[in-house]
Amino acid sequence: MQISKRADVPDLDVRRVRGNVIEQRQISPDGYHLILARDGVDVEAGRLVTLHGRSLVEDRSYTVVSGERDEHIEVLYRLIPTGVLTPQLAALQSGDTIEWSGPYGQFVLRDPARPIWFIATGTGIAPCRSYIRTHPNLDITILHGVRHTAELYFRDEFSSYKYHPCLSADTAPDCHSGRVTQRLKDIHCPLEAHYYLCGAYEMIYEVQDMLLDKGVSPDHIFNEGYYYRLDP
Ligand SMILES: Cc1cc2nc3c(=O)[nH]c(=O)nc-3n(C[C@H](O)[C@H](O)[C@H](O)COP(=O)(O)OP(=O)(O)OC[C@H]3O[C@@H](n4cnc5c(N)ncnc54)[C@H](O)[C@@H]3O)c2cc1C
């Protein structure tokens, strides 16, 4: 069914469907990879879908983690045990159905030919996977900040890129200790690159200030804020 278009994304062909759950994989203690039948809906890399709960106040946004040519629509989410929608999502099994709509959002790649820096916390890594599955030859540098190694979602798919995993509550031989902001302090940031920041708002505000201090133009910085951090 076609539904009315959101004012901020006037050109998108938004559809609402009741789709089949193809598969649900728990990929970390609280990370889930949910795979939904595409139902003929095209979703550009970096755009999002709304997963619909039992009523309007339970609807939540999720950036797709799938590439444009992938057979299914995929999302990555963190289960918030006290949250409204994610406990409902975590109960889904293959063959169940869920209402979803999309595409929405604006966090698409502006220029895939440019050097790209993707700086994320937690599940904010989702659009990065969507980008590289859609554009495999990107010149991309990835900084991913999480608490524990188990939350370095899809890390095997990032290993052929310039990948900087950062752990704030753990140590591992091939990871940086500390937040992405600590890692960013020590790195040269090319001024011609485009910077995509995604995840916790606190990280986005801090990284934005750091990039501006390093001389990056505000026109080269793009943000997708997901949440305010629950953890200290
Ligand atoms: C544009 C956009 C895209 C988003 N894309 C994703 C995505 O791809 N994957 C994803 O997991 N979430 C994503 N989110 C967050 C998502 O929409 C929900 O807010 C989240 O899944 C929690 O929903 P809930 O109903 O279970 O919890 P709620 O009852 O809505 O919230 C409970 C608390 O959890 C916090 N919270 C929400 N998400 C997280 C998180 N990931 N980590 C830590 N704390 C969090 C909130 O700040 C809130 O205080 C996105 C949000 C926006 C605005």
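Predicted model: local features only at pLDDT ≥ 70, side-chain atom pairs only at ≥ 80, totals over all residues.
Ala, Val, Leu, Ile, Met, Phe, Trp, Tyr, Cys and Pro count as nonpolar, Asp, Glu, Lys and Arg as charged, and the others, Gly among them, as polar. With that noted, I sorted the shell around the ligand and got 11 nonpolar, 6 polar and 3 charged residues.

Residues are numbered from 1 along each chain as its sequence is written, and side-chain values use heavy atoms, with hydrogens and water left out.

Next I looked up who surrounds the ligand. I found 20 residues, counting a residue if one of its heavy atoms lies within 4 Å of the molecule. Ser61, Tyr62, Leu76, Leu85 and Thr86 are the closest.

A polar backbone atom of Leu85 is 2.7 Å from a ligand oxygen. For Ser61 I noted 2.8 Å, again from a polar backbone atom to an oxygen of the ligand. Val84 has a backbone N or O atom 3.1 Å from a ligand oxygen.

How much of the ligand's 890 Å² of accessible area does the protein cover? I wrote down 81%, by the Shrake-Rupley method with a 1.4 Å probe.

Which parts of the chain build the shell? Strands S4 (60-63), S5 (73-78) and S12 (221-227) each give two or more residues to it; strands here are DSSP runs (E, at least two residues), numbered from the N terminus. Domain 1 (15-104) and domain 2 (116-227) both give residues to the shell, so the ligand lies between them. The domain bounds come from an automatic or database assignment.

Technical notes: Polar contact = N/O pair within 3.5 Å; in protein donor to acceptor, adjacent residues only side chain to side chain. Helix = DSSP H or I, 4+ residues; strand = E, 2+ residues; numbered from the N terminus.
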